[in-house]
Amino acid sequence: MSGKVAFALTAPVGVLLPFVVPQYSLTVLIEALIFGLFAMSLDLMVGYCRLYSFGHSAAYGLGAYSAALILTHLQLPLLIGIGLAVPATIAVAIPIAWICTRSTGVSFAMLTLAFAQLGYAMLFRFRDITGGSDGIVGIPRPPGPFGMTWFQGKIGYYYLVLGCLFGSYLLCRAIVRSPFGAVLSGIRENERKTVSLGYNTRAYKIATVVLAYGFGGLAGALYAGFAGFASPELFFWLVSGRVLIMVVVGGAGTLIGPIIGGVFFVFVEHELSQVTDLWPLVFGSIFIAFVMFAPEGIWGIVTARFKQKPIVPSSAGGEETSDAAA
Amino acid sequence: MMVRERATRRTILRGVAAASALVAAPAYLRHATAATPIKIGIPTVITGGYALLGSQVIRTCKLVKKLTDAKGGLIGQPVEFVYQDTQGDPATCVRKCQELVERDNCHILTGVIVSSEAAAMLPKLEEWNAIFISHGNGDGRLTAELFVPRFFRANTSAPMGARALALYLKDAPEKKFIAMASDAAWGRSSNAAFEEQIKKVGKDLVDKIYAPVANKDYSPYITKILQSGAQGCYIALQGDEARAFYSQATQYGLAQRVQFFTEIVAQADIKVLGKDAIGLMGSSRYPLTYDIPQNNAFREAFMSEYQNEIPDWTDGEMYQALMILFAAIEKAGSPEPMKVVAAMEDLEVTSVKGPILMRKCDHQGENQGFIVKVAKNDKFAEPIAEIVKIYPRELNTPDCRSSSFSK
Amino acid sequence: MPLLECRGLVRRFGALVAVDAVDMSLDAGKIRAVIGPNGAGKSTVFNLITSVLKPTTGEVIFAGEKITGLPVHVVAQKGIARTFQLCHIFPALTARENVRIAAQARDAQRWRFVGGGRVRNRSAAIADEALEHMRLTRFAGVAAAMLSHGDQRLLEVAMAIAQKPRLLMLDEPTQGLSLEETDRAVQILKGMLGVGNLSVLLVEHDMEVVFKLADDITVLHRGRVIADGPPAAVKANADVRRAYLGGSE
Amino acid sequence: MIGFILAQCLSALSQAAILFFIACGLTLIFGIMRIVNFAHGVIFMLGAYIGYTAAAVSGSFLVSLIVAPIVVGAVGMAFERIFLRPLYGRRDGGAYLLLTFGLAVVLSELIRIIWGAQPLSSGIPDVLRGIVVILDQPFPLYRLFLIVLGLAAAIAVWQFLERTRAGLLIRAVSQNSEMVHALGTDVDLVRTGVFGLGCAMAALGGVLAAPLVTAFLGMGTTVVIDAFVIVIIGGMGSFLGSLIGSILVGFVQVLGAYYFQDLALAFMYFLMLTVLVIRPGGLLGREE
C-alpha cells in the first residue's frame, strides 16, 4: 500500500530532521508541517466528499483565536490550550456545517466563504476581546501538565507539531477506511444513489465538515502557539484560496498529497521570495503548469511511477454528479 | 531530504555572491570589510497592497547606504541592509524576521510597515536577541500596553499627530468637529487621542466614524459628515483609503463645506489629487521645507539621487530612524543589540525633524509637532505641504507608557 | 393486508398532471408490473413511492405504515430498495465495493468512524453473495465504470438485493440489455422470487418479460390507471390494446 | 429630510452600478462555463490601469472607456483560448479554480511590474466634475453618470441576450451546451466570446471605479468577494439576478455603513446567508 510505504519512509526522516537542518529552516519547516496538517483537514471535504470550501480559513482562524484566548486569559498550559481549541472550533463548526450542507456545489462554497468573512468582521466588532486589527499578540507557551516543558523550545515544538501531524494523519486514514469513510466515497461518486440506498448523506456531510474544521482548528492552534500571535489575516479569504490550492496541487483524495502540497507550497513561496521579488510570477505559473500537465497533483505523479494505477477512467457512465462547477 | 540539500547549495551561492561583491566594491572599502559588516534587517512590504510604502523604505535605505559607504562606513565597518518581503501579512513578517535573525545574522530590524506586523514581532525580540526600531508605525499601544525593552520608536506616533492638530485647533475658528479613522488599531488610537485633546481645548466632537479596513465606497461616510454640521473634519486614513476618501470627497465638494485636518499629509496623496489637494491641512510626519542644515542636506541628496521624486513622509522618517540608530551604534561602539539599547536610551540626535530625544522610560522618540497646509510651490513640480506651526517636542509627546497627554 | 398500497396518488407539475389518482396495491411475495407507453408516469409513480417526489395529494402505505413525505433515506431504511431508469452506480469504485456499500446501508454499525472491521466483513459477505447471485463475481475487482452497460444494470440490481429489502422496485432492469442478457436477468429474477417473501414492483417495456414474471399488471396511460389485473385479463383488455396500438383519441 | 434619503439611495445606486459591471461579467462566465473565476477582481484592476494609460495617452476619459474594455476583453479571450480550452474535458471543478487563482497571482504581479507600485489617478473629465444639489443635498455629477451608464449597460446586455442571435446562442449554451454543439454551433467560439465579454464588462467597471478609488494594487482583492456574493444572491448564471443582486448589495453596503457602523463588514454576508437558506439556488437561479 503506497500510503503505508510513504509513512514508513517519512517517519524516521521526520524525527531526525531537526538535527540535520540549519536553525532557520526549522522555522519554515514547522510552518510547512502546520500548513500540511491544515491542507489534509480540507482534503477530508474536497478529496473524499467533493465538498469544495472557499472558507476553510475559518477553521484555522477559529483554532488560532481559541488557543490565543485560552492561553492568554486562562493561563492554562500550552498543550491544554491547544487541546481545548479543537472542541471550541468544533462547537462553532456544527451550526456552520448544518447551514452550509443545505446547499451543494458553488452555493456550498460561497456559504463557507460567507462564514469566514463573518468571522473576519466579528474580530473587528468585538475588538476588546479579539484585539481588533492587531489581533492577540504575545501568546505564552506556559509549561504543560505535570511540569512538562519539552515543547517550549523550537526543536521541542517541532516534535509537538510532527506528533500532531502524524497522529492526525493516522486518525484520518482510519476514518477514511472505516464504514463512515466508505459512505463518503459513495457521496463523492454519486450522492443521489447513496441517499436511495438508505444513508442520511446530509448527516455524513455535516460530520465530515465538522471533522475537517476540527483538524483545521488544531492546525490553527498549533500556529498560534508557534508564532505567538493570532491576527485577522488568518481569516482572510486568500488563506482559504491558498489551502485549496495546496490540496489540488498535492493531489486531492489521498491525505498524503495535500500534506506534501502544503509543505511544497510553503517552501516554494519562502525560497522563491528570497531569490527574486518577482516570485509571485513564478509562483502563479507553477499552479498553471500543475493544472495543465499534472492534474492528479504531486502525489499522483509519485504514485503513478511506483505502481500501475487502478483502471479508473476519470469521467464515467451513470448520471453526471450534481455539481460540475466547484 | 529536500531541505538540507538546498541549504548547502544556497550557502555556496551566497559565498560566490559575496566574493563578487567584494571585487566590485571600491578599493578603499575592501580593507574595511576585513571587519564584519553591520547587518540591518529590513522586513518590509515588497508585494501586496502596501508595496508603495515598502518601495519608499527601500529607496531611502539605498540612499543611506550610498552616503555611509562614501564616509567609509560606520565605526570602521560597512553597513549592509538585508531586505525581505513581508507582503504586509503578520504571519509572513514573523517568519521572515526569524530568517533575518537566524540565517542572515541581522539582530537590528527596522522598516516594518503595518502596525499588526510590528505588534506580532515585539514578543519575539527577546527570543531572537534582536532590537526593533520603528521608523513609521503609528499604533500608540506599541510604546504603551505592548511595550518591550528591545523596541524603540523614532517616529511620531498616531496620538502625537492628533495632539499637534488639537494644539493648533485651540484658536482655530472651527467649533464643531467630527473624526473619521480606519478601523485598524492605529486608526482607533488616533481618533481616541484626537477626541481627548480636542475636548481639552474646548471644542466639541460631534461624532466618531470608523470605516472598515480597505474600504472602497466612502459615500455613506461623506453624507454622514455633511449631515453632522461639523465645520472641521479630522481624518486618520492610510494610503489607499485616504486617496479613495479624498477623491470621492472632492466629487461631493466636501472640501468647500468642511475643513479637512488629516493625521498624515502624504506626498503620494498630494501627487494623486493634484490641484484638489491644495488647502488640505494636517500634521506632518516629515516637513519637506523645514529649513535646518540636516534636512536641507537630506533633501538635496535625495532629490539628486532620485530625479523628479519628492521625499514622502516614509522617506523622511526612515532616514531619521537610521540616523538615530547609527548615532546609538557609534556611541555604543558596537552593533551588539543590548549595547545599542543602552546607548540609545536618553540619546539626543538632531536629524531632519530637528532634535529628537529617545526617552528612556518608554523608548518613544520625542518629535516636534508640525502643522502643515498644502500649497503650490514653484520650487517643486507638485504642490507640497508648507509648515504653518511647530510645537515643541515636550508638549507633543504623550506621558510615559501611555497615549494620553497630561501636560 | 397488502405490503404496499397507493391511494389516490396525484402529482402535478404546474399544469401537467403526470400522475392522476393512481390506486395500486402489492401483496407480500408477489410481483406487480407497471406498464404503459413512454410518458405514462411510470417513473413518476416510482419517485412518489420512494418519496423522491412529494405527491400533490394521495398516500403511500407500506406494511401498514403511512410513508408519504418521509425523507428518501428513511423510506429506504424501511426495507424498500430501488434501481433507476438511468442506471446509478459508483463509477470509480470496484463492483464489489459498490455492492458492499449497499449492503452496509442496513448494518446497525454503519456509522462507525474508526475500525468497523466486523461491519466490513459482514457487508462484504452479503456483497459477494449478491454478486454470485447476479453472476458478476468475475467483475468483483473491476471498476464499475468499466463494466458493459448491461452488466452495470445487473450490478445495480445486485446492489438492491444486497440491501435485503422487503420490496424490490426495478425501473426497466432489462433496458439496453441484449436478448441473451435479458434472458439471464429473467432467470435470475425468477430464481429470487422463491427466497423469503420478497415482493417486486417492476416497470418494464418488454411484454415477454412482463408476462413471464408478473403476477399482476397495472397499465398506466397519461398518468391514469386504465387496467389492473392478472396478465391474461390485461392482455384481452380493449383499452390497453388501443393505448398501445395507437388508436388513441 | 427627503433630500437626505434620496442622496443615500443615489449613493447606493452608484455603488450598485460598479458592482453590476463586475457581477454581470462573473455570472455570464459562470452561467456559460460553470467556471468560478477567481481572477475576476484582477481583471477589474487591469481595466482600471489600462484605462489610466489610455486616458494619459489620448487625454480623454471617453477614449479610456472604450479602449480598456476592448483590450482587456481581448486578453480574456486569449487566456480562455490558450489555458481554459484544454480543460473543458475535465470533470472536476478544481482545475478551473487553480487555473484562475494562478492567473490572478501572475496578472497582479505583471501589473505591479508594468505600472509600478505608485497609485494612479486619471481623474474625471471636467464636464462630469460638478455637483448636483438635490433638495439641499449635494450629490456628485460623476455618480449620476455612473447610475445612468450602469442602467444603460444593463439594458444593452439584456437586449443583447434577449434580442440578438448571439444572445440566444449564449443562453442556449448555458442551458445545454452538448445540444447546441450537436446543432452545429461552434460552442467553443461562444465560450471564448462570453469570457471576453465578461472580462470587458469587468474592465469597464474598473475604468469607472478608478476616479473613485484611484488605480492601486489592492483594488481587486475585496471587490471580487462582493461580486461572488451578488452572483450567489441573484442566482448563478442569471443575468437579471446579477442586476437585482447588485442593487441589493449596493443598498446593504451603503445603509449598513451609515446606520450600523460596527457591523458594516458583516451585513452583506447576513444578506447572503438569509437568501441561501431560503433559496439555496439564489433568487433567480436554477436549483442546483
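Residues are numbered from 1 along each chain as its sequence is written, and chains are lettered from A in the order in which they are written. Because the model is predicted, local features need pLDDT of at least 70 and side-chain atom pairs count only at pLDDT 80 or more, whereas totals for chains, interfaces and linings use all residues.

Chain A contains 13 helices and two strands, where helices (H or I, at least four residues) and strands (E, at least two) are DSSP runs numbered from the N terminus. Its radius of gyration, 20 Å, is close to the 20 Å that the globule rule gives for 326 residues, so chain A is as compact as a globular protein of that length; the radius is taken over C-alpha atoms, and the rule is 2.2 Å times the number of residues to the power 0.38. The C-alpha trace of chain A spans about 55 × 45 × 45 Å along its principal axes. Of the 326 residues in chain A, 61% are buried, a residue being buried if 20 or more other C-beta atoms, placed from the backbone, lie within 10 Å of its own, exposed if 12 or fewer, and partly exposed in between.

The mean pLDDT (the predictor's confidence in each residue, from 0 to 100) of chain A is 85, and 93% of its residues reach 70 or more. Over residues 311-326 of chain A pLDDT stays under 50.

Contacts are counted between residues whose C-beta atoms, placed from the backbone, lie within 7 Å. Within chain A, 79% of the contacts between residues at least 6 apart in sequence join residues at least 24 apart. One helix pair in this chain is formed by α3 (residues 57-73) and α5(A), whose axes come within 8 Å and cross at roughly 35°; axes are lines fitted to C-alpha atoms, for helices over the stretch in contact, and angles run from 0 to 180 degrees between N-to-C directions. Here A:Ser57, A:Ala58, A:Gly61 and A:Leu62 of α3(A) meet A:Phe115, A:Ala116 and A:Gly119 of α5(A).

Of the four pairs of chains in contact, chains A and D share the most contacts. On the side of chain A that touches chain D, the elements giving two or more residues are α5 (105-125), α10 (237-250) and α12 (279-293), and α5(A) gives the most, with 13 residues. By class this side has 29 nonpolar, 11 polar and three charged residues, with Ala, Val, Leu, Ile, Met, Phe, Trp, Tyr, Cys and Pro counted as nonpolar, Asp, Glu, Lys and Arg as charged, and the others, Gly among them, as polar. No contact joins chain B and chain C, whose closest C-alpha atoms lie 33 Å apart, and none joins chain C and chain D, for which the corresponding distance is 13 Å.

In chain B, the domain assignment, which is automatic or from a database, gives domain 1 (35-156 + 291-366) and domain 2 (159-284 + 369-396). The C-alpha centres of these two domains of chain B lie 27 Å apart, and 17 residues of domain 1 are in contact with 22 residues of domain 2.

Definitions and conventions. Two residues are in contact if their C-beta atoms, placed from the backbone, lie within 7 Å.
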